[in-house]
Amino acid sequence: MSRSQARSCHSLVIRVPGPVDAAELERRLRAGAAASWPEPAARLRLWEEALPFTADHPAARRRAAAEAERPLHTEALPLRAVLLRYADGDADLVLVGRHEVTFDEPRFTFGRTSGAAARQEVAAPPEWGLGDPALAGRTGEVPVPLPAAVRTDDALLTGAALLVLARYGTGRPVDESQRATDFLAALRKADGEALPGIALRIDAARPGERRLPNLAPAVPAELHFLRHEDGTATGVLRHDLGAVAPVVAERFAGHVAHVAGQLAEDGGRTLDTVELMTAGEAEAVLRLGVTPPVGSPEAAGRTLHGRFADVARQRPDAVALTAGDTSLTYAELDARAERTAAGLAALGVEPGSLVGLALERNADLVVTMLGILKAGCAYVPMDLRYPQERLRYTVENAGASVVVGGADEPFPPIDGVRVVTPAELRTLGDGHTVPAQSEDGSATAYVIYTSGSTGRPKGVVVPHRNVAALLEATREDFGLGGSDVWTLFHSSAFDFSVWEIWGCLLTGGRLVIVDYWVTRDTDLFHELLVREGVTVLNQTPSAFAQIVEADRQRPEELSLRLVVFGGEPLDVRMLGPWFARHSHTDCRLVNMFGITETTVHVTAHTVTPADVLAAGRKVGAALPGWTLSVRDPRGRLLPLGVPGEICVGGSGVADRYLGQPELTTERFITDPYGGGRIYRSGDRGRLRPDGSLDHLGRLDSQVKVRGHRIELDEIRNVLLSHPAVAGAAAVLNHDTPGDSATARIDAYVALRAAVSTTDVLAHARGVLPAYMVPASVTELPAIPLTINGKVDTAALPAPEAARPAGGRSTDPDAATGEAAEPAGTLDGEHDRLTEQILGLWGHALNTEVTLKDNFFELGGNSLLVIRVLREMREKGLPKVATQDFYRNSTAGRFVELVRDAQV
Amino acid sequence: MTATRERTPRALLGGKTAVVTGAARGLGRACAVRFAEEGADLVLVDVGGDLPGVPYPLGSGSQLEHTAKLCRAHGAAVVTVTADVRRPEAVEEAARQTLERFGTVDVLLNNAGIAAPSGKAVHEIAEDEWDLMVGIDLTGAWRMTKAVVPAMVRQRSGSVINVASTAGLVGYRHFAGYVAAKHGLIGLTKAAALDYAPFRVRVNALCPGSVRDDPLNEGRMLAEIARSLEVDVDEHEEIFVQSQPMNSLIEPQDIAGAAVWLAGDDSRQVTGTTLTVDGGFSAR
């Protein structure tokens, strides 16, 4: 209430030289108000405060300012007069009036406006404000440091504010190719200029008075300028501390002043040559994003196998790998990898080659990976669950002539590519030695393929020294060492595994390899964490949410001391139940923002229970050796708080995209500020005054689903490659808003020929990995577009569940499922168990489910599998192995599976 | 006197306006000054002169101005209002001036009260003596609440603190009027708390034990109670010290601290309660 009262009032402070006759002053005030405000005038009273300090004491100014910001009560008189009498006889007369009262102070008369000032909409806090919501309603004030000599007019001041807001990304765009004089001339002709989120007021200055146009800013920030008779101006920025932080306000005021100075100085310059920041400020912002390297520069430049060899020499008998019942010591791992390397040499694979690696998560995966590096080659990891076409594309794009594949899951045959098993490689290597490789940290260690917007994945080339530097950056801070037990949880095709494998093996820890099916079953995984005494765990936030849930229900103690989140944005609120059970001093939780192109991680932020309450989007400061900056679309450095593209420099920047020089030039650029290479991430963020970064999502259509990085454009392009598809769109949806476990991709197609959407889906399934396959395909007459020609997601209808176009009975899968179901249960009565299962599925999938439906076709995913299994257990239903769920994913078969387990 | 404390946003009552009755001296002054220290602006209300029937001098106009001066030294803006809490027009004028001057009212400390005429058994109390006691100590608090609370209800926040006494919890021989008024005040507190809880306006009672009449605050209460009991003040102090397990008299500062807590947002879920500051007296 008092806030809206404050917005409805203005004030004026007038210095009254002593001696002051208060009674006479009160009489004059009453007389002055009598014409316009006869009734209140009679009751008008001059409130007096005798203050124990002189008029020039700083306390006097504070006291007058406080009085000038004190709103009127809604039922009080429309005008208040307070006389602050100072010890030296001088006084300040503070007048506060509602907006309909006007002050004409020389004669102490008070006019009347036609009505209250137009009610301004309360603007949302600007993204760049970094305000503290706890301070909302409190007002801050900073001066606008206009250069003293600058002669200004209203257009110049307006123009400066406009250009600053445009650069901040919240104002209307300004054509920066025009000359300053033309820009200002157009403003002079324009009839007032609305500034989004900012109020601008320019008054003629009068000596001895201080005026507040609004007691509290009606918008997040209010620029108030006073024009003096000599043509100069002074200004203040008053801001709501809940919307705009003091440091940001100070910088903003500085930018307005700096820009005004440049516009005044040289009218002939084009706007794009106008700098927002002074050189000093720009340098300070750059410095803020730099975290100097720590550890040994020599170690940070080495190869992975070189550093591994050191560890193996230091602790040959320590266990390096545990995979199920087998384990390998560092010496054994080293020896096997040597044989693998020798095998590759025997095959004629030259150092510097790229070698495909397509193995399940087992000991051989790590042995072979190390072997490839020892041979002086780089590995190209691939997930065998990807469609054959994607695997084939990857091998051909990488130009790999050898792929190491498993004996059980054969790699698809490709002309000119030899597929060998790890065992065959080792046999080939028996009796051979590997030619000694030079320690070249700049050599490529691996190439990992990530989703590409063109419809094809792109290979990111990462040198050894990047990973070595990552280890140097984190080893000491995280206290990584020989007593740690890590898990290899993630697919080797996801670069989180690079951190898991080398983070562990290069610091002497023990790496527990987690079987694929255990990664899909939270209970089994929790058992493994307990049994193996895992101390360092790396998880995507969505996966960790499942662990938090399992951990609540299980009595066993975890040995975790460090949990690293990566792969997708962390919603810290989900950690509430975790912190209720685990102290953050016993087990440190670190949120790391990272990108494949900058070597797994970029920043680290230790999450505390306080963060859970604040629910922010902090990802921390740059890792030692990494640098961060935020830039606008033209690549210009942005000030603190202003959102823009996150650019990453320093030790982690990858070499290039394999075979894509144009894309490489576009994304990996030479930093115009001081040189060095930086990667333009396409992620949106803002830098905080403490050097930490807030991650604000993507600038393009890239999305994250359960840790997987997906370009929606890639899905769209795959859909478009179907001959019958004329238009396509892919969007990310959540069945339950805010619940990342229910994230799903829905596709929309406009068809030029009569095909079923099932057909289109089958096509997508043949090219895309499972996590990218849309949960539904909905046919539309045309894809709705915005004015800018982008897909108008708001205009898309709700997705239809992925059902075959020709009706369910013709679906071959459903037909086979039907045969296995007991007769009479299809559309008739269901027994209790069936009801229960269909109910659980329906709840998880947020749709009606029949016995013929397939869990995954209705939008099911790995996290929802875990959720259904947990809810079944809570209802006392028998335990079903996750693996069996995947193999019996139509409802009818699943019910029978549960029925069998009950007996 | 010229040292003015910088008022920090961390002050417990920063930005609040508090109305304190019986502010000329004693507990009222101690609480007002402490409120000022914590950043509040103040409306100081006192009868500012003696009342017929009250056998001892009450707070004077100059004492009220002195309290104002002490508050201003802490940076507070202050309005003084001379008003008898038995007079509806005077009470309403005090409320109106509060809103005119400060635009808001956040705290009402109903502290005005008398301890005498007392020292008689129930059947010996005269009609006018009873009316005087209940009229000031109980009805005065009701009247102030009635005048001030509507503004608090409209702004959906506020804290009313009724200064009762351990005499609101137990009986004292020969103090029936006082004891009845203070028990009534606790009853008023609970009922008002329920009336205004939906509007986030809180009403609580504060029960001091025996408070020292320290010279700084020019308190008279203990002396008047002693006189009513026809005992020497020092002797009386001794009796009360012995009755309070912490073995000391309560200082005005102790009550002011409790009042600050009830006035501020730290107690935002506390309403209808009685906060007793009596060195353990009522624990026996």
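Let's start with helix α2 of chain B, residues 61-72, in this predicted model. Its twelve residues should span 16 Å at 1.5 Å a residue, and the C-alpha atoms at its ends sit 17 Å apart, which agrees.

**Helix α2 of chain B**
- Several residues of α2(B) are buried: B:Gln63, B:Leu64, B:Thr67, B:Ala68, B:Leu70, B:Cys71 and B:Arg72.
- The cover over these buried residues includes pieces of chain B, namely α1 (26-37), β2 (41-46) and β3 (78-82).

**Where the two chains touch**
- Chain A puts 18 residues into the contact, and chain B puts in 14.
- On the chain B side, helix α3 (residues 88-102) gives the largest share, with four residues.
- Sorted by class, that chain B side holds six nonpolar, five polar and three charged residues.

**Chain A as a whole**
- Chain A has 903 residues, and 47% of them count as buried.
- You'll find 28 helices and 37 strands in chain A.
- Its C-alpha trace spans about 110 × 75 × 60 Å along the principal axes.
- Take the contacts in chain A with a separation of 6 or more: 70% of them are between residues 24 or more positions apart.

**A helix pair in chain A**
- Helix α5 (residues 154-168) and helix α7 (residues 246-265) of chain A pack with their axes 8 Å apart, at an angle of about 125 degrees.
- That angle is therefore one that makes α5(A) and α7(A) oblique to each other.
- Their crossing is right-handed.
- From α5(A), the residues that meet the partner helix are A:Leu156, A:Leu157, A:Gly159, A:Ala160, A:Ala161, A:Leu163 and A:Val164.
- From α7(A), they are A:Phe252, A:His255, A:Val256, A:Val259, A:Ala260, A:Leu263 and A:Ala264.
- Across this contact, twelve residues are nonpolar, two are polar and none is charged.

**Cis peptide bonds**
- In chain A, a cis peptide bond links A:Gly18 to A:Pro19, with omega at about -5 degrees.
- A:Pro19 belongs to the loop between β1 (9-16) and α2 (22-34) of chain A.
- In chain B, B:Ala116 and B:Pro117 are joined by a cis peptide bond, with omega at about 20 degrees.
- B:Pro117 is in the loop between β4 (107-110) and α4 (127-155) of chain B.

**Positive phi angles in chain B**
- B:Arg200 isn't a glycine, yet its phi is positive, near 60 degrees.
- B:Arg200 counts as partly exposed because it has 15 C-beta neighbours inside 10 Å.
- B:Glu218 isn't a glycine either, and its phi is positive at about 55 degrees.
- You'll find B:Glu218 in the loop between β6 and α6 (221-228) of chain B.
- With 16 other C-beta atoms within 10 Å, B:Glu218 is partly exposed.

**A loop residue in chain A**
- A:Leu785 sits in the loop between β37 (776-779) and α24 (812-820) of chain A.
- Having 13 C-beta neighbours inside 10 Å, A:Leu785 counts as partly exposed.
- A:Leu785 and A:Ala795 are ten residues apart in sequence, and their C-alpha atoms are 8.2 Å apart in space.

Notes:
Residues are numbered from 1 along each chain as its sequence is written. Chains are lettered from A and ligands numbered from 1 in the order in which they are written. This is a predicted model: local features need pLDDT of at least 70, side-chain atom pairs count only at pLDDT 80 or more; totals for chains, interfaces and linings use all residues. Axes are lines fitted to C-alpha atoms, for helices over the stretch in contact, and angles run from 0 to 180 degrees between N-to-C directions. Helices (H or I, at least four residues) and strands (E, at least two) are DSSP runs, numbered from the N terminus. Angles under 35 degrees count as roughly parallel, over 145 as roughly antiparallel, 65 to 115 as roughly perpendicular and the rest as oblique. A crossing is left-handed if the near helix is turned anticlockwise from the far one by less than a right angle, and right-handed if clockwise. Two residues are in contact if their C-beta atoms, placed from the backbone, lie within 7 Å. Ala, Val, Leu, Ile, Met, Phe, Trp, Tyr, Cys and Pro count as nonpolar, Asp, Glu, Lys and Arg as charged, and the others, Gly among them, as polar. A residue is buried if 20 or more other C-beta atoms lie within 10 Å of its own, exposed if 12 or fewer, and partly exposed in between; C-beta atoms are placed from the backbone. The expected span of a helix is 1.5 Å times one less than its number of residues.
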